[in-house]
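Look at the model first, then read on.

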Amino acid sequence: EEAVPLEEPVAPVEPSRHAVLHLAAGEARHRARLPVTIYPYMAGVRGGIAGGVAMAGLAMVHGLITHGSPWYTVNLLAAAGSATLTAAPDAALARFQGHALVLATAIHGVLSILVGLLYAALLPMFPRRPAFWGGVVAPLMWSGLIAAGLAAINPALNARIDWGWFVATQIAFGCVAGFVVDRTERIATFQHASFAERVGLETQDERR
């Protein structure tokens, strides 16, 4: 330890009579939890539905080109919840099956909406180029995750999948869903407001 003598200031410090204006979190670029603005949840639902339609259309085109039937990929997806379809030959998968269409629509619809909601939550966290993150990066990432676990989730799809077309359908979903979400007007978060204001018990006007 070293003792340092206290030096007297050159000029006396006069206290100011002016009040200090304190900034609230997020005002005038003060510290705030990011993102400050977010997309509404319905934007994610709409984006997921739109992306799911684009993805399904491209997948049916793939079935029509490679196996002569648009129902081939539909039945492959439905095989995730049907032991009969899992063991079915290609000729059976190429035929229209009503229960497979219902099952595939339910699986695809639920997953599309969930991923759309994920887009609505994640895209505001990226400062720029949401189309790049949502349309390219995210589809490639979850394509890798699906590839790692598809053998256990859907053995029939894993044995017959065309990965080039699969990644193309994922990118189609990401581009359409990301576009729909990004075109939606953002809303401000309530992080600056007090708890009473957030629950509607008190407003700024009432306090004045």
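## Second largest pocket

α5 and α6 each supply at least two residues of the lining of the second largest pocket. α6 gives the most, with seven residues. Among the lining residues are L118, Y119, W133 and M141. By class, the lining has eleven nonpolar residues, one polar and no charged. The volume of this pocket is about 210 Å³.

This is a predicted model: local features need pLDDT of at least 70, side-chain atom pairs count only at pLDDT 80 or more, and totals for chains, interfaces and linings use all residues. Residues are numbered from 1 along each chain as its sequence is written, and side-chain values use heavy atoms, with hydrogens and water left out.

## Largest pocket

The largest pocket has a volume of about 1,000 Å³. Its lining counts 44 residues. M55, L77, H108, F166 and Q170 lie nearest its centre. α5 supplies the largest share of this lining, twelve residues. The lining divides into 30 nonpolar, twelve polar and two charged residues.

## S143

S143 is found in helix α6, residues 130-153. S143 counts as buried because its relative accessibility is 6%, and buried means under 20% relative accessible area with a 1.4 Å probe, protein chains only. Leaving aside neighbours within four places in sequence, S143 is in contact (heavy atoms within 4.5 Å) with W163, F166, V167 and Q170.

Note on methods:
Helices (H or I, at least four residues) and strands (E, at least two) are DSSP runs, numbered from the N terminus. Buried means under 20% relative accessible area, exposed over 50%, partly exposed in between (1.4 Å probe, protein chains only). On a 1 Å grid over the protein atoms alone, a cavity is a set of points where a 1.4 Å probe fits but cannot get out, and a pocket is an open set with protein on both sides within 12 Å along at least five of seven lines; lining residues have an atom within 4 Å of a point. Grid points are joined across faces, edges and corners, and a volume is the space filled by probe spheres set on the points. Ala, Val, Leu, Ile, Met, Phe, Trp, Tyr, Cys and Pro count as nonpolar, Asp, Glu, Lys and Arg as charged, and the others, Gly among them, as polar.
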